[in-house]
Amino acid sequence: MNDSSWGAPPQAGYWGPPEMGPVQGRPEAGPAYDEPEVQQTRPMPVLSDADVAEMHMAAGPGADQDQYGTGATRLSGPLFRDEMPQEPMASAAPSPSGEPSEPPRHAAPQAGDQGAQQAGAPQAPLSAVPPVAPAAPPAPQKKRAGRDLRAAIGVGVGLGAVIVASLFIVKAVFIGVIAIAVVVGLWELTARLQERKQIKAPLVPLAVGGAAMVVAGYVRGAEGAWVAMALTALAVLVWRMTEPPEGYLKDVTAGVFAAFYVPFLATFVALMLTADDGPQRVLTFLLLTVVSDTGAYAVGWRFGKTKLAPRISPGKTREGLLGAVSFAMVAGALCMQFLIDGGTWWQGLLLGLAVAASATLGDLGESMIKRDLGIKDMGTLLPGHGGIMDRLDSLLPTAPVVWLLFVVFVGSG
């Protein structure tokens, strides 16, 4: 073992202090011993336990325990001359792939680590830094309604006020309201047919015949309505003859369908109005239809899960249908008991059930038409509702059902 094991480089011809003189048993220094290449060795002193403890206390708490432990003979520096000092390496933490990763040796210290470096604390490897937690997924959005409720409620209240005012003040004014709604509905339907299917149902004979149909039903009853319906269909056939024959069949077929679907079914509302308690019957008809639609919308939006007719109207659910039936039956029992002369609550339950069924079928029927045309609404005249036809879809098929049940329960009176 050479002198480098003590941590000091050897010096030529130096074996101790000058005043000590030559070492016993050794010839005086000469040229052969003064060469720097010549190296001598001397036995390593044996350290006692007290010396080791004293050295350990002098090194401080940050010293390596293996350096001054009782079983160590190496204090500092390399054991042999050819050993080169190695830079300390931080323990590598395993990478995600399972292999140990080594941080760069010459990484610049960070400002926050200066205190730890000065205190002698080991630095954590870069791989030991905890990964950044992934961003939390966005909270599920609250279920929202599919229409502008404020606009829908405002328009509905406005229409209801006009209908009730005209219904109980002057019946003839209410007949005019029905005729206007029929003409606008025919305009929306024929316009969509021409835009989407290139079907040219003649609007002029339909509008004139439709308004006449409503007035004839109020003045002449059911017979007047049937006669007006037949004359309107004939007018459609003749009016279409003024144009080229291409597409004649589909145009007149669509015209006759439109005459039956809009004005003829609306005529039953005028037939209800001819009774002594006509305004109460019409009001019951309107209330039950609106309550059925509202119950289906509210219950279906809140609890709807099972689709009723996904191929026709994906938004309608069986839970919504149960809501429509429940709401309409309760409203029917109240209306028949307190509004209709001679009516009873159990008749109202049946009336409400029939209204819920016919209103749902009417809504599905117009949804089938709109799906065939590839549109969402028939028009944009009523904010929050769509067009006039989007409000008449459940009213039109319900009108003959309610008129017939009134005749069966309390007469045509």
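Helices here are DSSP runs of H or I, at least four residues long, numbered from the N terminus. The model to which this assignment applies is predicted.

Within helix α10, Glu366 and Lys370 lie four residues apart, about one turn of the helix. The two residues form a salt bridge, with the closest N and O atoms 3.8 Å apart, and both are buried. Salt bridges that share partners extend this pair to Asp390, joining Glu366, Lys370 and Asp390 into one network.

Side chains of opposite charge can pair when their charged atoms come close. Asp372 and Lys197 meet in a salt bridge at 3.3 Å, N to O. Because Asp372 belongs to helix α10 and Lys197 to helix α5 (residues 171–197), this pair ties together parts that are 175 residues apart in sequence. Asp372 counts as exposed, at 52% relative accessibility, whereas Lys197 is partly exposed, with a relative accessible area of 34%.

Arg240 and Asp251 form a salt bridge whose closest N and O atoms are 2.8 Å apart. Arg240 lies in helix α6 (residues 203–240) and Asp251 in helix α7 (residues 248–273), so the parts tied together are eleven residues apart in sequence. Both Arg240 and Asp251 are buried. The count of salt bridges comes to nine.

Helix α9 (residues 318–338) has 21 residues, which should span 30 Å at 1.5 Å a residue; its end C-alpha atoms are 30 Å apart, in agreement. Its buried residues include Gly320, Gly323, Ala324, Cys335 and Met336. The buried residues of α9 pack against α8 (278–303), β2 (313–317), α10 (345–373) and α12 (395–410).

Terms used. Residues are numbered from 1 along each chain as its sequence is written. This is a predicted model: local features need pLDDT of at least 70, side-chain atom pairs count only at pLDDT 80 or more; totals for chains, interfaces and linings use all residues. Side-chain values use heavy atoms; hydrogens and water are left out. Helices (H or I, at least four residues) and strands (E, at least two) are DSSP runs, numbered from the N terminus. The expected span of a helix is 1.5 Å times one less than its number of residues. Buried means under 20% relative accessible area, exposed over 50%, partly exposed in between (1.4 Å probe, protein chains only). Contact means heavy atoms within 4.5 Å. A salt bridge is a side-chain nitrogen of Lys or Arg within 4 Å of a carboxyl oxygen of Asp or Glu.
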